[in-house]
Amino acid sequence: MPKTKLHNAYSVCFKALAVGGPTIFPSDFIDRPYWWGDWNPHDFPLVEVPRETDVVVVGAGYAGLSCALELARNARSVVVLEADVPGIGASTRNGGQVTGGVNVGKKPSGGAPSDLWKKRESAMLAEAAEAYRLFERTLDLYGIDCSYRRNGRITALWTSEHLRGWAERIPLLNAQTGADIREMSPDEMRRELASDYYAGGVFVSRAGHIDPAKYFRGLLRAAQSSGAVVCSHAPASKIERRGARFAVTTERGTIRAREVVIATNGYTKMLMPALRRRVVPVTSHQICTEELPSDLRRSLIPNDRAVVETRRVTNYYCISPDGKRLLFGGRARFYPLTARQSATVLHTQMIARFPQLADVKVSHSWGGCVALTFDFLPHIGKLDGVHYALGCNGSGVTMMSYLGHKVARQILDRPEAEPSSYAAPLQTHPLYHGRPWFMPLIGTYFQLRDVADRKLSRRRAAPSPARSAA
């Protein structure tokens with residue numbers, strides 16, 4: 001079906017949602033991230049693209065800036081090329097949750113983990129834990145104020161069967177990551193979360209949440225103050241090998257470099273078609289409520305935990321850094337939506353978990369692209385001599401920062417730059433060429449599986465008529 005007809009079909013599907021939809025929007029509704037209130041990515045000067053450098057980094061997100069920061073700290077000249085403006089992508093649009101790798105290797109299908117994960121599970125978990133330590137060291141070293149609250153995270157269980165899976169993994173996760181994970185009793189869940197929606201919970205102590213835009217701003221300033229040159233509105237259109245160096249062509253000139261790093265994640269375009277075929281962009285949507293009455297906001301998540309669900313098409317949420325609003329996100333749908341359409345879907349999901357928010361309006365709505373990989377694992381490596389750091393599968397605040405740093409250490413060729421367990425070839429599929437045409441089908445299938453699993457779990461938990469009579 002042609003793209004225009006497909007888009008029209010999606011619009012028709014949402015006419016029903018539009019009816020009554022505006023009632024959830026106040027007059028000052030904003031279709032951009034709540035996080036942009038303190039720092040706006042558009043506030044960035046135009047910098048001339050140099051003609052020579054040691055390293056060119058394509059993509060000014062967490063991975064690109066972390067890579068540039070480590071290189072510049074070690075006296076390498078580095079230029080970061082951004083197609084739009086730094087921070088316009090997922091680095092300032094995500095949910096702001098930070099953990100030490102407890103989600104690494106998780107498959108939304110619920111099936112067996114990949115062969116690579118089985119072989120390297122312990123090493124990957126240990127590196128993910130190091131990613132969290134690097135994140136905290138970076139905040140301290142550069143004085144980054146990003147409203148970081150290390151208050152822990154509640155993993156809310158979609159079904160009682162999910163608890164068994166977690167119970168099996170908790171000893172290994174604690175041993176390899178030091179995340180201090182434990183099961184939550186029903187009484188504790190009621191104290192921690194004003195919702196009866198879940199079958200139970202798991203608490204991850206070594207976790208928290210941040211203002212992602214303020215974290216990005218801190219990384220950007222640290223990289224620039226260390227000597228990295230960050231160029232906005234400089235989309236790279238071609239990478240050519242010229243002898244021992246690369247030539248990277250942009251709309252604002254060509255730059256020569258010894259090394260090139262691709263750090264575009266969910267925004268990987270046709271600069272390197274072979275890489276684009278190995279990452280699947282998926283939009284994650286979020287909303288922010290209007291300011292809540294003080295009693296209500298204190299009751300929702302009393303201890304200011306981050307919350308994420310175990311279902312395949314997950315939702316995640318937390319209280320805003322100022323303690324006045326609820327930020328609620330998830331995969332609203334797997335096809336194009338306007339900000340108001342995605343807000344309508346997420347608002348419905350939010351009040352299913354918190355019926356007490358039924359009359360609360362949505363002040364902000366936005367989306368950002370994450371990158372899925374075919375084995376659901378993050379990757380660093382080289383393709384045709386070009387380095388890359390891609391595919392954190394929706395858990396990118398700490399991991400993308402770490403992967404960018406790790407690529408920089410490998411370029412620096414320091415003795416302490418140990419081989420990474422995430423350095424493995426990216427997989428693809430013969431029917432995938434960079435456009436995720438299959439996501440509406442797969443996404444809908446996962447949503448139906450979630451519903452079926454929930455019904456089956458409740459049916460198993462319900463007492464039989466014979467036992468009730470007895």
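**View A. Y215, a buried residue in an aromatic pair.** Y215 is buried, with a relative accessible area of 1%; buried denotes under 20% relative accessible area, exposed over 50%, and partly exposed the range in between, for a 1.4 Å probe and protein chains only. The model is predicted, so local features require pLDDT of at least 70 and side-chain atom pairs count only at pLDDT 80 or more, whereas totals for chains, interfaces and linings use all residues. Residues are numbered from 1 along each chain as its sequence is written, and side-chain values use heavy atoms, with hydrogens and water left out.

View B. A pair of aromatic rings is described by the distance of the centres and the angle of the planes. The structure holds 15 aromatic pairs; rings of Phe, Tyr and Trp (its six-membered ring) pair if their centres lie within 6.5 Å, and planes under 30 degrees apart count as stacked, over 60 as edge-to-face and the rest as tilted. F135 and Y215 form an edge-to-face pair, with 5.3 Å centre to centre and 75° between the planes. Because F135 lies in helix α4 (residues 115-142) and Y215 in helix α7 (residues 212-225), the pair ties together parts that are 80 residues apart in sequence. Helices (H or I, at least four residues) and strands (E, at least two) are DSSP runs, numbered from the N terminus. F135 is buried, with a relative accessible area of 1%. Ring pairs link Y62, Y132, F135, Y148 and Y215 into a cluster.

**View C. Strand β12 and its paired strands.** Eight of the 10 residues of strand β12 (residues 280-289) are buried, so this strand is largely enclosed by the rest of the structure. Two strands pair if DSSP finds at least two bridges between them. Strand β12 runs antiparallel to strand β16 (residues 362-372), joined by 10 bridges; in β16, V362 is the bridge partner of T289. Four bridges pair β12 with strand β15 (residues 326-330), also in the antiparallel sense, and F328 in β15 stands opposite I287.

**View D. R454 over two aromatic rings.** A charge sits over a ring if NZ of Lys or CZ of Arg is within 6 Å of the ring centre and within 35 degrees of the ring normal. R454 lies over the face of W158, at 4.2 Å from the ring centre. R454 also lies over the face of Y197, at 4.3 Å from the ring centre.
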